[in-house]
Amino acid sequence: MSGFETRLLAAVLLCGLLLPGAVPALAGALERTEPGHQAPPQPGSSLPIAPPIVQYPLPPQWMTIRSKEDWRKAGKFEKELSRDCAALRFTEITPLRFRAYFKGEVLGVAFGHGLNLNDPDRKADRKKIYLFRNGDSTACTVQSMDNQDPRVNPAGDQATTPAAGGFQKY
């Protein structure tokens with residue numbers, strides 16, 4: 001017999017001697033309490049008070065854009081900003097706090113004037129809305145579209161500015 005076979009035989013014998021003694025020790029460990037240790041509560045008696053359930057709410061989320069078109073047609077693809085988004089230099093402060101819904105796809109929204117936008121290099125245009133797809137990964141893509149709000153972009157839509165009488169009272 002070689003040295004390896006001798007050691008293998010010794011290991012098998014040792015396991016064979018120790019294993020039968022370990023099985024009864026494990027059998028007792030599986031039972032948490034002995035039978036009859038705690039009796040079930042009597043009918044009509046008050047049950048012990050459970051700790052209160054504390055729910056931590058998600059931050060409020062707003063649907064800002066809802067469209068039936070494809071998200072690829074929503075705006076202009078920003079290649080440089082997509083690279084910055086993947087490197088965490090152009091991201092949403094709170095992912096999906098503002099949402100855009102395009103034909104089954106939910107995208108995160110940030111505004112160029114700074115709302116929900118982390119832009120330390122100041123690459124954002126104040127008059128744009130930025131849509132983030134996979135904004136929390138390295139596969140992040142950024143689309144930009146014009147903001148039609150006349151408070152941000154007066155040239156965006158002349159028909160709805162207050163001077164043109166576009167606002168109506170309801």
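Hi everyone, let's start in the middle of the protein: its largest nonpolar core has 12 residues, namely I65, W71, A74, F98, A100, F102, L107, V109, F111, I129, L131 and M145. Strands β4 (98-102), β5 (105-111) and β7 each supply at least two residues of this core. There is also a second, separate core of nine residues, which includes L81, C85, C140 and V142. By nonpolar core I mean a set of buried Ala, Val, Leu, Ile, Met, Phe, Trp, Tyr and Cys residues joined through side-chain atoms within 4.5 Å. Buried means under 20% relative accessible area, exposed means over 50%, and partly exposed is in between (1.4 Å probe, protein chains only).

Two notes on what you are looking at. This is a predicted model, in which local features need pLDDT of at least 70 and side-chain atom pairs count only at pLDDT 80 or more, while totals for chains, interfaces and linings use all residues. Residues are numbered from 1 along each chain as its sequence is written, and side-chain values use heavy atoms, with hydrogens and water left out.

Now the overall layout. The protein has two helices and eight strands, in the order α-β-β-α-β-β-β-β-β-β from the N terminus. Helices (H or I, at least four residues) and strands (E, at least two) are DSSP runs, numbered from the N terminus. Of the 170 residues, 22% are buried.

Which residues does W71 touch, leaving aside its neighbours within four places in sequence? They are F102, E105, L107, R133, T141 and Q143, where contact means heavy atoms within 4.5 Å. Two of the residues on that list, E105 and R133, also meet each other in a salt bridge (3.0 Å, N to O). E105 lies in strand β5 and R133 in strand β7, so the pair ties together parts that are 28 residues apart in sequence. E105 is partly exposed at 25% relative accessibility, and R133 is partly exposed at 23%.

For a salt bridge, we ask for a side-chain nitrogen of Lys or Arg within 4 Å of a carboxyl oxygen of Asp or Glu. Side chains of opposite charge can pair when their charged atoms come close. By this rule the count is six.

Next, helix α2, residues 79-86. Which of its residues are buried? L81, S82, D84 and C85 are. Seen down the axis of α2, these buried residues fall within an arc of 160°, so they line one face of the helix; the arc is that of the directions from the helix axis to the C-beta atoms. Their cover includes β2 (76-77), β3 (91-92), β7 (128-133) and β8 (141-146).

Helix α2 has charged pairs too. E80 forms a salt bridge with R83, with the closest N and O atoms 3.2 Å apart. The two are three residues apart in the helix, so about one helical turn separates them. D84 pairs with K123 at 2.6 Å, N to O. That pair links distant parts of the chain, with K123 in the loop between β6 (117-118) and β7, and D84 in the helix, 39 residues apart. Is D84 buried or exposed? D84 is buried, at 2% relative accessibility, whereas K123 is partly exposed at 38%. D84, R89 and K123 are linked in a network of salt bridges.
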